[in-house]
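Subject: A structure for you to look at

Hello,

Here is the structure I promised to pass on. Please open it beside this email and follow along as you read.

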Amino acid sequence: MPLTITGVDRDLAILHRALFNTSPANQIFLSNKAAAGTTAASLYKFANELAAPVVAGKTAAQLVDLFATNMGVTVSKDLKDALVSWFQADGLQNAGIYAIMCGQALANAEGDATYGAAAKAWVNEVQSAFLYSSNPANIQPSGTSGQGTNVATANDDTITLQGGESSDTKIEGGQQGEKGDTLVISAAASATANNIDLNVAAD
């Protein structure tokens, strides 16, 4: 069955699954969606920013392996070589675009004799990812229990952490956690939350 989600919803679900093999919490998904904008150019800019920490230190071949693993597909040597050549020619700074395009290509391969089974599983995974991230009840990334990692963007982000027990919280990254971001920490058995403005300007 083809994907029933389209546009930025589909592409963000693909992007997170291909890069991180997880689905973001609802608030992060909505923040990502706003940052991705309404044009292909703004989406691709955001996608590359999100992918940058993942790509750091990786070769084109390692990036292909990461996508293949996270998308649940075993690629042939010829296909891997072609993808490596493409990534090398256009530059790894476009890794976010590659993630989206590879994810779309696999989703469209359900009728392929070689990749059809993987494509069908991938379509189900992307559909489920969107359903997870679009549900306001999901306040942590998928696959987490009491602990999660949310990647901030270069825009203003709000990250809400709810601790059932004592928790350690930190935001790290080169251009992430910029001025304007808000970190909200809700401690256990506390009726109030502590808001911390991250007043650190980007270099």
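Below is what I found, going from the whole chain to single residues.

First, some ground rules. This is a predicted model, in which local features need pLDDT of at least 70 and side-chain atom pairs count only at pLDDT 80 or more, while totals for chains, interfaces and linings use all residues. Residues are numbered from 1 along each chain as its sequence is written, and side-chain values use heavy atoms, with hydrogens and water left out.

The protein chain has seven helices and three strands (DSSP runs numbered from the N terminus: helices are H or I with at least four residues, strands are E with at least two). Their order from the N terminus is α-α-α-α-α-α-α-β-β-β. Of its 203 residues, 41% are buried (under 20% relative accessible area with a 1.4 Å probe, protein chains only; exposed is over 50%, and partly exposed is in between). Contacts are heavy atoms within 4.5 Å; among those between residues at least 6 apart in sequence, 62% join residues at least 24 apart.

Now to the interior. Leaving aside residues up to four places away in sequence, Met 71 touches Ala 18, Cys 102, Gly 103, Leu 106 and Trp 122.

Trp 122 is also one of the buried residues of α7, along with others including Val 126 and Phe 130. The buried residues of this helix pack against α1, α2, α4 and α6.

Finally, have a look at α1 and α2. Their axes come within 11 Å and cross at roughly 115° (lines fitted to C-alpha atoms over the stretch in contact, with angles from 0 to 180 degrees between N-to-C directions). Val 8, Asp 9, Leu 12 and His 16 of α1 meet Phe 29, Asn 32, Lys 33 and Ala 36 of α2. In the loop between these two helices lies Asn 21, which has a positive phi of about 55° although it is not a glycine. Asn 21 is partly exposed, at a relative accessible area of 38%.

Enjoy exploring!
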